[in-house]
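The sequence and the structure come first.

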Amino acid sequence: MNRIAVVPGSFDPVTLGHLDVIERAAGLWDEVHVVVVHNPDKSALLPIAQRVSLLERSIEEAGIVGTIVVASWSMGLLVDYCTDVGAHVLVKGIRSQVDVAYETPMAIVNRHLADVETVFLLPNPANAHVSSSLVRQVSALGGDVSPYVPPAVFELLSSR
Ligand code: PNS
């Protein structure tokens, strides 16, 4: 049986924290789908297609081993994507109690909706403070985001 996990997120942009979670998920499941989802609660920096291509490039350049599919989903519930591809697990990185509070209701609802379980992975402590929103803010104000993002993202943000 091919066990598939879905790692969803806004990935606006992908950070080293995301890559850490993706790499660890790739070590735990046969196949990992990294799915870019529009989050209506956040104003976007990058178009979805660009987030997908930055993820593809960054995963390759980081040398992450495993079967990894990068996709986007805008057709409704995230669990519908999971059902479509035969995945029963969502993987989320948890940095703090704030993340636990944010993720817990979604995890319960996703289990009710489609019997999809959510697995929380704790981050490498080196990335525990890294978030896309922090990267967007520091970058917009002219700060150095190179410690937080993969080279492809740093290149793009530096050129803007
Ligand atoms: O990186 P983010 O912004 O924290 O990711 C949040 C995301 C996109 C994973 C979350 O908003 C989500 O799961 N959206 C899917 C929409 C959905 O299915 N909602 C209903 C059940 S929670």
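Helices (H or I, at least four residues) and strands (E, at least two) are DSSP runs, numbered from the N terminus. The model is predicted, so local features need pLDDT of at least 70 and side-chain atom pairs count only at pLDDT 80 or more, while totals for chains, interfaces and linings use all residues. Residues are numbered from 1 along each chain as its sequence is written, and side-chain values use heavy atoms, with hydrogens and water left out.

**The loop between β1 and α1**

Phe11 is found in the loop between β1 and α1. Although Phe11 is not a glycine, its phi is positive, at about 50°. Pro13 is also found in this loop, and a cis peptide bond with omega of about 5° joins Asp12 and Pro13. Most residues other than glycine have a negative phi, and most peptide bonds are trans.

Asp12 also forms a salt bridge (a side-chain nitrogen of Lys or Arg within 4 Å of a carboxyl oxygen of Asp or Glu) with Arg136, at 3.8 Å, N to O. Arg136 lies in helix α5 (residues 132-140) and Asp12 in the loop between β1 and α1 (16-28), so the pair links parts of the chain 124 residues apart. The structure holds 8 salt bridges.

**The ligand**

The table lists polar contacts, which are pairs of N or O atoms within 3.5 Å.

| Residue | Protein atom | Distance to a ligand oxygen atom |
|---|---|---|
| Ser10 | polar side-chain atom | 2.4 Å |
| Asn39 | polar side-chain atom | 2.9 Å |
| Leu78 | backbone N or O atom | 2.9 Å |

Taken alone the ligand exposes 550 Å², of which the protein buries 79%; these areas come from the Shrake-Rupley method with a 1.4 Å probe.

Key. A polar contact is a pair of N or O atoms within 3.5 Å; within protein, one must be able to donate a hydrogen and the other to accept it, and residues adjacent in sequence count only if both atoms are side-chain atoms.
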